[in-house]
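Subject: Structure handover

Hello,

Here is the structure for you to look over. My notes come after it.

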Amino acid sequence: MSEGATRYPRHWRRPPLISDGRLRWAIYAGVLVYLVVGIGAVEVNWGRLSEGWERGLRFLGGFVEPDFISRWDDIRAGLIESLAMTLTATVVGVLISIPVGIGAARNIAPSPVYLACRALIALSRSLQEIIVAILFVAMVGFGPLAGFLTLAFATIGFLAKLLAEDIEDIDAAQVEAIRATGAGWWQVLDYGIRSQVTPRLIGLSLYRLDINFRESAVIGIVGAGGVGATLNTALDRYEYDSAAAILILIIVIVLVTEYVSGWVRGRVQ
Amino acid sequence: MLRLESLTKRYRTGDLALSEISLAIPAGQVVGLIGPSGAGKSTLIRCVNRLVEPTSGRIWLDDLELTRLGRRGLRHARRRMGMIFQEYALVERLTVMENLLSGRLGYVSFWSSLIRRFPPADIENAFRLLDRVGLMEHADKRADALSGGQRQRVGIARALAQEPEILLVDEPTASLDPKTSRQIMRLLREVCAERGLAAIVNIHDVLLAREFMMRIVGLRAGAIVYDGGPDGLTPAVLTEIYGEEDWAASSDLSDTGPSPRPGVPDTDELVGAL
């Protein structure tokens, strides 16, 4: 049979994700109904909205004329406290998350250690910073100590998990080669594993540093010290110009840490 | 002298990788282990230094029974066996020198290895080896900056830095071009001769094996099906090892390789032998 005799289709469409047409349309309809009902359930108080609109505009107006001067001493003290909190919490958090992360790597840790470390990580990750901060404020009182503890705790969950996953992804041949030389467990960890994960660990630590700084502004609102407390006070007094000044400074500091950490990460690869 | 006695390895998946292998390799003998993928070549050399635990059977290095060693004893025994890998398995982010000195890890304490303080004699020896493999000027480069052939030279130097009595070599040329492959095989033979080292070399390339090995062991489905000189690799034997194939044709193919040098059997001779 010659090739010209066979007729091939001239149209082709990708098969839909849900092949049953009736089911597909039922799902679309269901989603639409749910959306309409959901929007209907949101109670909108139009009077409150117009009032708040005005307040929102004043808040945005504060950004046009931020006031760095009148509350400068408070702002400065708050920023210094936040930076101190951030740095100490990051350093301590990183130091603790290294052993936890090693313990949570399935390819090198024995099963009981693995389970314990994974449990600790899950606990740290499941509790949002604000909830942890409220807990620590209740335990150790208002102030930066509560903030430090919160950020260090949150750092462990974040960094240990990512470090563990990085260790699980290393090139096993390099580790095998080091083991074959007669190296001990610690030496294998140093030469075979540490050398492979260090650049990423440095990058993640710097990333966590700027997350911690941002978080320090948030947890201050629930009493854990730092610039967040200053921000909260300014908002309570309706001093939107000072609040704007604080937010601008936070943005600038985050940008600077972002830039610096990007540069360092580029260098250590 | 390395001696394997009824070595058997069954993986947890149930695959029988090695069954009742018995083999003796005297000092200074360079043995090529050939066989199709999955025949158990890698498993065999990994059982020797127990990166893979044998299921049963015994292995002796001289009078030391490797299969009975505890953790500490095994670490000490591993120092006597240098291993060379297919994909080089250098620690990519460490310098060439650190990779070389990692061959000394079994001899130094954890703390001195952590701060990279190795005994002066080790450092001197590492430089001597680096010079021997022709990479003197690359000492401070990171391993991932080297070419494939250079990396494998570092791999060889690292294994030699252990002052081993035997080399376990896993597909040393599988990732290299034909010319570099021959250079690496020649280097291996030379260092073995210089130091009286025995070696087990897993190798895919039958022609390389025939050219550079003193003795060939053919493995098929975990059992030895050939053990003899390189000259004995007739088409019948190759069929026994690898299965049915037109062996003469694949030998012809190698004629396009580098021209024969003195001391190396002419490829035409090889074809004739088939």
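Below are the conventions, then the interface, the sheet and a helix pair.

This is a predicted model: local features need pLDDT of at least 70, side-chain atom pairs count only at pLDDT 80 or more, and totals for chains, interfaces and linings use all residues. Residues are numbered from 1 along each chain as its sequence is written, while chains are lettered from A and ligands numbered from 1 in the order in which they are written.

Interface. 18 residues of chain A are in contact with 22 residues of chain B (contact: C-beta atoms, placed from the backbone, within 7 Å). On the chain A side, helix H7 (172–180) and helix H8 (185–219) are the elements that give two or more residues. Helices (H or I, at least four residues) and strands (E, at least two) are DSSP runs, numbered from the N terminus.

Sheet. In chain B, six strands form an open sheet with mixed pairing, ordered S6-S7-S8-S3-S9-S10. Strands pair if DSSP finds at least two bridges between them. Strand S6 (81–84) and strand S10 (223–228) of chain B are at the edges with a single partner strand each, so one side of each has no neighbour in the sheet. Inside the sheet, S3 (residues 30–34) and S8 (residues 198–202) of chain B run parallel, joined by four bridges. Val30(B) has Ala199(B) in S8(B) as its bridge partner.

Helix pair. In chain A, H3 (residues 72–103) packs on H9 (residues 227–236) at about 145°, axes 7 Å apart. Axes are lines fitted to C-alpha atoms, for helices over the stretch in contact, and angles run from 0 to 180 degrees between N-to-C directions. H3(A) contributes Asp74(A), Ile75(A), Gly78(A), Leu79(A) and Ser82(A) to the contact, and H9(A) contributes Val227(A), Ala229(A) and Thr230(A).

Best regards

Definitions and conventions:
Contact = placed C-beta atoms within 7 Å.
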